Amino acid sequence: MRVWDPEKSKFAALCVLEREPPVLRTRILYLGAAAGTTVSFLADYAEVVYAVEFAPRPVRSLIRLAYERNNVIPLFEDARYPERYLPFVERVDILIQDIAQRDQVEIVLRNLVFLKNGGHLILFLKLLSMGSERKEEDMIADAIAALENAGVTRVQMIDLNVYHTGHVALWGVYAEEKETENSPKQIRTAVARSRALHD
Amino acid sequence: MGHVPQIPPEKWFWYEICDSHREPAPSFSFNWEMIVEQIRAHRDHLTLCALPKWEEAVSAGIVLDRNGYLSLMKDLAIRVAIRDLEERCDADEIALIHLVRILDEIDHSISRLYEKMDEYSSALSSPLPHEEPDRTVKVRIDSLAHDTTHPLSHLAKSIQRMHESRVAIAKTVREYAQKTLPNMSALCGPLVSARLLARAGSKHHLAYMPAASLQVLGAGPSLFMHMRTGSDPPKHGIIYQYKGVHHAKRRVKGRVSRVLASQLAIAARIDYFRGSRDDDFVIKAGEKICRAGKER
């Protein structure tokens, strides 16, 4: 019996503070899997978890986890360049990102190509990593605006401060890919790239 | 980079490449070595088809069902990840990073233990002024270790042994640093270079770091304090440990750190991209650092 501790896992904190995302028998793409702690719990429910991590040391633990589970697929890639792992990942029902980088919002935008229509996007934002000069509310508002611009609807903000200082979760549902003029450039390029690769 | 196989002009799905390197009946086993190399080459050239569909792999007769697809995908992903790990990680570099962290931890532990032992003896010793002059840490530990009746004598012996390990590890760290960071070691010494590497995380990060970041590497708290409240920025981080910086006159400390950091940034790039010592550069950079330390 293992305890899924909300103190340790942001996903568990989200389940406690908000509600449980519908993960049962789904396909999940997890960006920033680290050593795979959260992934191992998700794999108990999901059909398959594609786990992307770029730091060499945690990848070792992730590979060890993949040996033990038959539904964890480790990808040792930089989430900034989804074109490198596009050939290995199917369209997924849930996209989860937990990457503490300055450009974490842009990374998730690039990875939206993987998400099915109506799929859930869960983005864990570490505000401190996005620069300490700007106001937190501004950064959250910008992130939500960028997501909505890219076709993510019903974005809701869940403050995880109780368990994880300086973190918020953004949870939205991906709607129709909109090729509107004001959709961010990186989305269009990512989509175009994936289509070009698919031909 | 090992042998890169020829890339066919058309695009492939990953499972088609797996299928093309399969033993004939009855074994049907995969030639993994070939598959992994080809898949990696295709991936690097972006010549794999994106977003595969498992139904197509089934209808092509490569896998039996969804479970077969996922287990083949997992087998491949693990092998590719392991191969990438082998290629991307320099064993010497990783060993160096971890050894220097262990070294600093040993120093920390020794000094903390010694502090507690010192408190013990000063709490029990007579309050009258000592006739003995100040003795160094090492001498006091040695004498404690010899005094077998003293309750801390066993601990003192352990500390002696820890000190021996420290000497051995420091020697290894110096050797490794001179091997993997020859130019940086020549400028600021192998131990300081190794600490910079450990803080940056990898030679790659170190090479791409601006000199200004190198200068304040390890001075995080005061840097953030500066950014938040506008207090004076830190002049130096880990590079303070280099004797040229901490022995410099107060007035020129900032200048020495700045010049040293800018030369170290160049050295880090030579170490990462070329990997061998450049004597001309080392001499010139050394002169610049020396000149920065002189009062004008």
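Here is a short chat about chain A, the cores and the interface.

User: What should I know before we start?
Analyst: This is a predicted model, where local features need pLDDT of at least 70 and side-chain atom pairs count only at pLDDT 80 or more, while totals for chains, interfaces and linings use all residues. Residues are numbered from 1 along each chain as its sequence is written, chains are lettered from A and ligands numbered from 1 in the order in which they are written, and side-chain values use heavy atoms, with hydrogens and water left out.

User: Great. How many helices and strands does chain A have?
Analyst: Chain A has six helices and seven strands. These are DSSP runs numbered from the N terminus, with helices being H or I of at least four residues and strands E of at least two. Starting at the N terminus, the order in chain A is α-β-α-β-α-β-β-α-β-α-β-β-α.

User: And how much of chain A is buried?
Analyst: 56% of the 199 residues of chain A count as buried. Buried means under 20% relative accessible area, exposed over 50%, and partly exposed in between, using a 1.4 Å probe and protein chains only.

User: Can we look at one residue? Where is Val168(A)?
Analyst: Val168(A) sits in strand β7 (residues 167-174) of chain A. With a relative accessible area of 4%, Val168(A) is buried. Leaving aside neighbours within four places in sequence, the residues in contact with Val168(A) (heavy atoms within 4.5 Å) include Leu123(A), Phe124(A), Ile140(A) and Met157(A).

User: What is the C-alpha separation of Val168(A) and Lys10(A)?
Analyst: Their C-alpha atoms are separated by 9.2 Å, although Val168(A) and Lys10(A) are 158 residues apart along the chain.

User: Switching over, which element holds Thr38(A)?
Analyst: Helix α2 (residues 37-45) of chain A holds Thr38(A). Thr38(A) counts as buried, at 12% relative accessibility. Not counting residues up to four places away in sequence, Thr38(A) touches Trp4(A), Ser9(A), Phe11(A) and Tyr30(A).

User: What joins the side chains of Thr38(A) and Ser9(A)?
Analyst: A polar contact of 3.1 Å joins them. A polar contact is a pair of N or O atoms within 3.5 Å; within protein, one must be able to donate a hydrogen and the other to accept it, and residues adjacent in sequence count only if both atoms are side-chain atoms.

User: Now the cores. Which residues touch the most other members in the largest nonpolar core?
Analyst: Tyr50(A), Trp14(B) and Leu76(B) do, in a core of 64 residues. Helix α4 (residues 66-88) of chain B gives the most to this core, with seven residues. A nonpolar core is a set of buried Ala, Val, Leu, Ile, Met, Phe, Trp, Tyr and Cys residues joined through side-chain atoms within 4.5 Å.

User: What does Leu76(B) contact?
Analyst: Beyond neighbours within four places in sequence, Leu76(B) is in contact with residues including Phe88(A), Trp14(B) and Trp32(B).

User: How much area do chain B and chain A bury between them?
Analyst: About 3,000 Å², with 64% of it on carbon and sulfur atoms. Buried area is the accessible area (1.4 Å probe) that two parts lose on being put together, summed over both. The contact takes 31 residues from chain B and 36 residues from chain A.

User: How many salt bridges are there between chain B and chain A?
Analyst: The count is four salt bridges, each a side-chain nitrogen of Lys or Arg within 4 Å of a carboxyl oxygen of Asp or Glu. Among salt bridges in the model is that of Glu47(A) and Arg66(B), at 2.6 Å, N to O.
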